[in-house]
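Hello,

Here is the structure I said I would pass on.

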Amino acid sequence: MHVAAFIAGLFCCLRVALDAFQTIILPRRPTGRFQITHLFLAATWKPWVVMAERARNKKMRDQIYSIYGPLSLLLLLLLWALLLISGFAMFYFSMRSPFGDAMMQHTPGRWAQFGTDLYVSGTTLFTLGLGDVVPHSRFARAIIVFESGVGLGFFALVIGYLPVLYQAFSRREVSVALLDSRAGSPPNAAELLRRHTFEGGLEALTTLLEEWERWAAEILESHISYPILCYYRSQHDNQSWLSALVSILDTCSLLISVIEGTPSRQAQLTFVMARHALVDIGQVFGVQERRAWKQHAEVDRLPSNDFYHLCEALGQNSLRLCGDPAAAKRLNTIRALYEPHALALSDYLRMPLPVWVAPPKVNDQWSVLTKLRTDAAAAMKVHDDRSVSFHDE
């Protein structure tokens, strides 16, 4: 029994050390199906989804989903601490509990000994140093010193881990929030293109796609290293990092296959990087391509009737379209490169994907602002014409 306790304690401590190293320190995708973080997320996310789906109110359901990310982070840290305490307690138990404890004299037995071992391990890991239990062997003293060092290192890693995590989350959400004024809320490709039909809009669109190419690269690096960030939701109900990423992919798809213009080259670069981030994040959560194709077969985000409606909406905004019959086929071909993965991630994370063309809104702030600016420009033009006529007279 003592040998088994030593092996179990060694296994717990090594697994926690390896998992913390891969999750916090190692700047690459965590590997291993039996990783503690992976098992913890897999075991807690599905019951959380079942609980959230019971809420009939959409806002309440979104609120429940938004709690999971921060709460799972705290629970994961607590799980690591409990496993470390249990592991070192098994070390002490394998040494036949070499401690002087007055309480053990009143309640002798193996379970009482193991309770003392857990108490010593907990007070040592959290560096309390109460001193009411004294070790009787040099090896036990060495293990206690080592565990106190592990406890200090553990809390130092946690303190350094949280700011890095929230800085990555903040950088992600800034770009997602900025997309609200450029592509609507929730964002969609048709609205993004419509709001860039002004003079010089193609150059502004190219610059925007360059920024989102870099954003996709940052998402690829941060969310692969820290997968728990994918569960963190945006502060607004109509926004999410997944819908923003897919709306940019939709826009790039239109620029590559349907719309004529200079941003097509930058659209190809942004598309490749954004798709790379989407596919790799799906692989982290075990979203297989076979499951993705099944989701794609069941849900079509752009049926043939909606495609003609999309072309009509784009044509009304003075966008030059590739009017050949193969345009729809080209768009479907490029959609098949990313939509299955997006649908699978949307189903797993419970984040809705954007539509291609949003229905018209009654109080569209962008239309109001555009009309006010048009009226102001017309008034200034009339004023300038009158001034010119007055000077000519």
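**Core**

The largest nonpolar core has 98 residues. W80, Y231, W241 and L254 have the most contacts inside it. Helix α3, residues 58-94, gives the most to this core: 13 residues. Please keep in mind that this is a predicted model.

Leaving out residues up to four places away in sequence, W80 touches V16, D19, A20, T23, I24, I36, T37 and F154.

**Aromatic rings**

The structure holds 20 aromatic pairs. One of them joins Y231 and F285. The geometry is edge-to-face, with 5.4 Å centre to centre and 80° between the planes. Y231 lies in the loop between α9 (201-225) and α10, and F285 in the loop between α11 and α12 (289-298), so the pair ties together parts that are 54 residues apart in sequence. Both Y231 and F285 are buried.

Y231 and F285 also belong to an aromatic cluster.

**Two buried positions**

I259 sits in the loop between α10 (241-257) and α11 (264-284). Is I259 buried or exposed? Its relative accessible area is 7%, under the 20% cut-off, so I259 counts as buried. I259 and L314 are 55 residues apart in sequence. In space, their C-alpha atoms are 8.9 Å apart.

T206 is in helix α9. Its relative accessible area is 19%. The limit for buried is under 20%, so T206 is classed as buried. T206 touches P263 and Q266, again not counting residues up to four places away in sequence.

**Surface**

Which residues form a nonpolar patch on the surface? They are V3, F6, I7, L10 and L14. Together they have about 480 Å² of accessible area. V3 is found in helix α1, residues 2-25. V3 counts as exposed because its relative accessibility is 60%, and the cut-off for exposed is over 50%.

**Where to look**

For a quick tour, begin with W80 and its contacts. Go on to the Y231 and F285 pair. Then view I259 together with L314. Finish at the patch that includes V3.

Best wishes

Methods
Residues numbered from 1 in each chain as written. Predicted model: local features only at pLDDT ≥ 70, side-chain atom pairs only at ≥ 80, totals over all residues. Heavy atoms only, no water. Core = buried A, V, L, I, M, F, W, Y, C linked by side-chain atoms within 4.5 Å. Buried < 20%, exposed > 50% of the residue type's maximum accessible area, 1.4 Å probe, protein only. Helix = DSSP H or I, 4+ residues; strand = E, 2+ residues; numbered from the N terminus. Contact = heavy atoms within 4.5 Å. Phe/Tyr/Trp six-rings, centres within 6.5 Å; stacked < 30°, edge-to-face > 60°. Patch = residues over 30% accessible without salt bridge, like charges linked within 9 Å, V, L, I, M, F, W, Y side chains within 5 Å. Areas by Shrake-Rupley, 256 points an atom, 1.4 Å probe, with all protein chains shown as cover. Salt bridge = Lys/Arg side-chain N within 4 Å of Asp/Glu carboxyl O.
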